[in-house]
Amino acid sequence: MNYRSDIRNIAIIAHVDHGKTTLVDAMLKQSKVFRNNQVVGELIMDQNALEREKGITIMAKNTAVVYQGVKINIIDTPGHADFSGEVERVVSMADGCLLLVDSIEGPMPQTKFVLRLAMEMGLKPIVVINKLDRRNSRIAEVLKLTEDLFLELAISADQLDFPVLYASAREGTAVTELGMKGKDIAPLFECILEKIPPPKIESGPFQMLVSNLDYDSHNGKIAIGRIWRGKVAPHDPVVSVGVDGSVTHYEISEVFTYLSLKHLKVEEAKAGDIVAVTGLDKVNIGDTIASPEQPEALPRIEIGEPTVEMTFGVNISPFAGSEGRFCTTRQLRARLYRELETNLSLRVQDTDSPDTFLVKGRGELHLAILIETMRREGYEFEVSRPEAITKIVDGTLVEPVEVLTIDTKDEYIAVLTEMLNKRQAQLTDMRNDGHDNVRLVFHVPTKGLIGFRNAFSTATRGESIMNATFLSYEPYHGDIISTRNGVLAASEQGIAVTYGLNNAQGRGFTFIEPGTLVYEGMIVGLNSRPKDIAINVCKEKKKTNIRASRSDIAIKLTPPIQLSLEQAIDFINNDELVEVTPGNIRLRKKLLTQGQRLRNSSSSRRSAKKQPI
Ligand SMILES: Nc1nc2c(ncn2[C@@H]2O[C@H](COP(=O)(O)OP(=O)(O)OP(=O)(O)O)[C@@H](O)[C@H]2O)c(=O)[nH]1
Ligand SMILES: [Mg+2]
C-alpha cells in the first residue's frame with residue numbers, strides 16, 4: 001500500500017458554535033492565501049446568504065491550504081443537529097478530524113454525535129479545546145469530560161491516543177501546552193502533519209465516491225469527492241454506478257482541486273486528493289465514478305432518518321399568486337424533488353391530494369431553511385405544523401426522542417421544568433456552576449419540542465440557550481394536549497386599521513401593523529383565552545358629529561409581535577397553516593370562515609361522541 005505524503009484530509013467537527021468556521025478562517029489567513037491588504041472578514045466559508053444572516057454553517061464545504069509543501073484538504077461541517085446529514089455525507093472523505101470543544105460549554109450532545117460518527121469511520125482525531133481567550137473557561141474540566149466521551153465512544157484502543165491542542169480560533173492561535181503563549185496557528189498545522197495519516201492509495205484504475213454536488217452555469221453539474229484509486233484527467237472515459245447498480249457512461253470534461261477559496265483547474269488528479277469533476281450530468285451523491293475497465297461501486301453513504309414532517313401545499317389563500325414567481329403545483333413539486341439531489345436527509349412524498357406534498361427532515365430548522373431558501377427564489381406555498389415522525393417497529397408504535405440541553409439561570413428552573421413536564425420530558429441531569437448558571441438535560445419526545453422554542457425564549461426572556469439532538473426511537477409516550485391559547489382571526493378582508501387593531505389588543509396580542517392587507521381567516525394575533533375568536537381589524541371608528549376627545553384621536557397601539565418564519569412554524573396548530581411568499585409570511589386558519597370552523601368543530605364533536613370508549 002502506498003501513501004500520499006504530500007496530502008492530508010481532515011474534517012472539522014463539533015457542536016454548533018464551538019468555532020469550526022472561525023478556525024478555518026485562522027488556517028486560511030495564516031497560510032497567506034489573501035493579499036496583504038485584502039479585507040476578508042469573518043466566517044469566510046459561510047458564504048451562503050442564509051448562513052451569513054444566521055451566523056451558522058448549513059452546508060459542509062471544502063477548502064485547502066498548503067503548509068510546508070503539504071496540501072491540507074479541510075472539510076468544514078455544520079454543528080447544528082438538524083444538519084447532521086451534511087456531516088454524515090462528507091466525513092468519509094477525511095482520514096482525520098479536528099474535534100473542537102468550547103472551553104466553557106464543554107462537550108455537548110452534538111459533540112457526542114459527531115465524535116461517534118468519526119470513530120465509526122475510523123478517523124484519527126485531534127482534540128482542539130477552543131475559545132481559550134474566554135473568561136471563565138474551565139479547561140481542565142472540559143478536557144476531562146472530553147476524555148470521558150472518548151472512553152465511551154472509542155472503537156479501538158488507538159483511538160484513545162489523541163493529541164490535544166488549546167486554541168483561540170478568533171485570535172488565530174494554538175498551543176500544545178496550557179500556559180504557553182499563543183503566537184499563531186502553526187502548532188495546529190504541525191500536529192495535523194504529524195498525527196493525521198496521509199491518504200492511502202489503493203492500486204488499480206480510477207475510482208471516486210461522490211460526496212457532494214455543486215452547479216454553475218458554465219460547468220453544469222459538478223461532482224465532488226475523494227479519489228480512492230487511480231487517477232483522472234480531462235476527457236477520460238468514465239462510468240458512474242448508481243444506487244440500483246446501473247452504469248452510465250460519460251467523458252470527464254474538467255478536473256479541479258481546491259486551494260483556499262478557489263477551484264484550481266488541473267491536468268490530472270490522483271488517489272488521495274479531493275476533487276471536483278464536471279461532465280457527468282446525471283450523477284448523484286453516493287454514486288461511484290470509476291474507470292470503465294473496473295466499474296466497482298464503493299459503499300454508499302449512510303444517512304440518518306428524518307424525524308419531523310410537514311406538508312408543503314400550493315398557496316390557496318385569497319392572496320394566492322400575487323407575490324410569487326413560481327406558484328403552481330408543477331413548479332412546487334419539481335422544486336421539492338430537485339432538492340433531494342443535494343439535501344440527502346430530506347424526503348419528499350406525494351400525498352392523496354395532488355397539490356400537497358409531504359416533506360420530511362431532521363428537525364424544524366432543517367425544514368425552515370428549505371422554506372426560506374425557496375421563498376427567496378420566488379416560490380409561494382403553504383406549510384403545515386411540523387409533526388414528529390412515528391413508525392411501527394415489531395408491532396409497536398415508536399416515536400423519536402431527543403436529548404435537550406438547556407443552559408439557563410437558577411431562577412428559571414421551576415418554570416422550565418413545569419413547561420417540560422407537560423411535554424413529557426424527563427430531567428436526566430442538572431448541574432449548577434455555583435454562580436447562578438445551571439445546565440439542565442432532559443429526554444423529551446420530538447413532538448414535545450414542536451412549539452416549545454417560542455415558549456422557551458418568552459419564559460426565559462431570551463436569556464437561555466437550548467439545544468436538542470436526536471437520541472433514539474422509543475415506544476409512543478401518548479398524546480400531548482396543546483397548551484397554546486386561541487388565535488385572533490380576521491373576520492373580513494381589507495386593510496387593518498389602528499382602531500380595529502386596538503380592539504384586537506383588548507383581547508390579546510397582535511401580529512400585524514396598521515396598513516396590513518388581511519383576509520378573512522388570517523391569523524392577526526393571539527387570544528388571551530383558549531378559544532379562537534374572529535375579529536374585524538379593518539373596522540374604522542364610527543364617524544359622529546360630536547367631536548372626539550383627544551384620547552380617541554391618538555390611539556397608541558402596543559407594537560405587534562412579528563413572528564419570524566421559524567417562530568411562525570413553531571406557533572401554528574394542526575388546523576392552521578403558514579402562507580409563505582417572497583414578500584410575506586402570513587398565518588391562517590385552514591378553514592377561512594368562522595361558519596366553516598364552527599360547523600367543523602361541531603361535526604368533529606359529534607363524531608367523537610360516536611366513538612366507543
Ligand atoms: N471568544 C472566542 N469566540 C470564538 C472563538 N472561536 C469562535 N468564536 C465565536 O463563536 C461563534 C461561533 O463561531 P463559528 O466559527 O461560526 O462556529 P461554528 O462551529 O462554525 O458554528 P456552526 O458551523 O454553526 O456549527 C462566533 O461568534 C465566533 O466569533 C474563540 O476562539 N474565542
Ligand atoms: Mg461553522
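The side chains of Asn 343 and His 366 make a polar contact of 2.8 Å; a polar contact is a pair of N or O atoms within 3.5 Å, where within protein one must be able to donate a hydrogen and the other to accept it, and residues adjacent in sequence count only if both atoms are side-chain atoms. Asn 343 is situated in the loop between α7 (329-339) and β21 (347-350); helices (H or I, at least four residues) and strands (E, at least two) are DSSP runs, numbered from the N terminus. With a relative accessibility of 13%, Asn 343 counts as buried, where buried means under 20% relative accessible area, exposed over 50% and partly exposed in between (1.4 Å probe, protein chains only).

This is a predicted model, in which local features need pLDDT of at least 70, side-chain atom pairs count only at pLDDT 80 or more, and totals for chains, interfaces and linings use all residues. Residues are numbered from 1 along each chain as its sequence is written, chains are lettered from A and ligands numbered from 1 in the order in which they are written, and side-chain values use heavy atoms, with hydrogens and water left out.

**Magnesium site**

- Thr 21 (OG1) and Thr 57 (OG1) coordinate the magnesium ion (ligand 2) at 2.0 Å; donors are N, O and S atoms within 2.8 Å of the metal (3.2 Å for Na, K and Ca), and water is not among the atoms, so sites may look incomplete.
- The two residues link distant parts of the chain, being 36 residues apart: Thr 21 belongs to helix α1 (residues 20-30), and Thr 57 to the loop between α2 (49-54) and β3 (61-67).
- Thr 21 is buried at 5% relative accessible area, and Thr 57 is buried at 9%.

**Ligand 1**

- The shell around ligand 1 holds 19 residues, of which the closest are Lys 20, Thr 21, Thr 22, Thr 57 and Asp 133; a residue is near a molecule if one of its heavy atoms lies within 4 Å of it.
- Helix α1 supplies the largest share of this shell, with three residues.
- By class, the shell comprises five nonpolar, eight polar and six charged residues; Ala, Val, Leu, Ile, Met, Phe, Trp, Tyr, Cys and Pro count as nonpolar, Asp, Glu, Lys and Arg as charged, and the others, Gly among them, as polar.
- Oxygen atoms of ligand 1 lie 2.8 Å from a polar side-chain atom of Thr 21, 2.9 Å from a polar backbone atom of Gly 79 and 3.4 Å from a polar side-chain atom of Ser 168.
- Taken alone, ligand 1 exposes 650 Å², and the protein buries 88% of that; the areas come from the Shrake-Rupley method with a 1.4 Å probe, and for residues only the protein chains shown count as cover.

**Helix α1**

- Helix α1 is largely enclosed by the rest of the structure, because eight of its eleven residues are buried.
- The buried residues of α1 are Lys 20, Thr 21, Leu 23, Val 24, Asp 25, Ala 26, Met 27 and Leu 28.
- Their cover includes β2 (7-13), β3, β4 (70-76), β5 (96-102) and α6 (186-195), with contact meaning heavy atoms within 4.5 Å.

**Arg 484**

- Arg 484 lies in the loop between β29 (465-475) and β30 (487-490) and is buried, at 19% relative accessible area.
- The side chains of Arg 484 and Glu 576 are joined by a polar contact of 2.8 Å.
- A polar side-chain atom of Arg 484 also lies 2.8 Å from the backbone oxygen of Phe 571.
- Not counting residues up to four places away in sequence, Arg 484 touches Leu 526, Phe 571, Ile 572, Asn 573 and Glu 576.

**Leu 440**

- Leu 440 is part of strand β28 (residues 437-445) and is buried, with 0% relative accessibility.
- Beyond four places in sequence, the residues touched by Leu 440 include Leu 404, Ile 406, Ile 413, Leu 416, Leu 427 and Met 430.

**Loop residues**

- Ser 156 lies in the loop between α5 (139-153) and β7 (164-168), is partly exposed at 32% relative accessible area, and forms a side-chain polar contact of 2.5 Å with Asp 158.
- Leu 43, in the loop between α1 and α2, has a positive phi near 50° although it is a residue other than glycine; Leu 43 is partly exposed at 24% relative accessibility.
- Gln 424, in the loop between α9 (413-422) and β27 (426-432), has a positive phi near 65°, again in a residue other than glycine; Gln 424 is buried at 19% relative accessibility.
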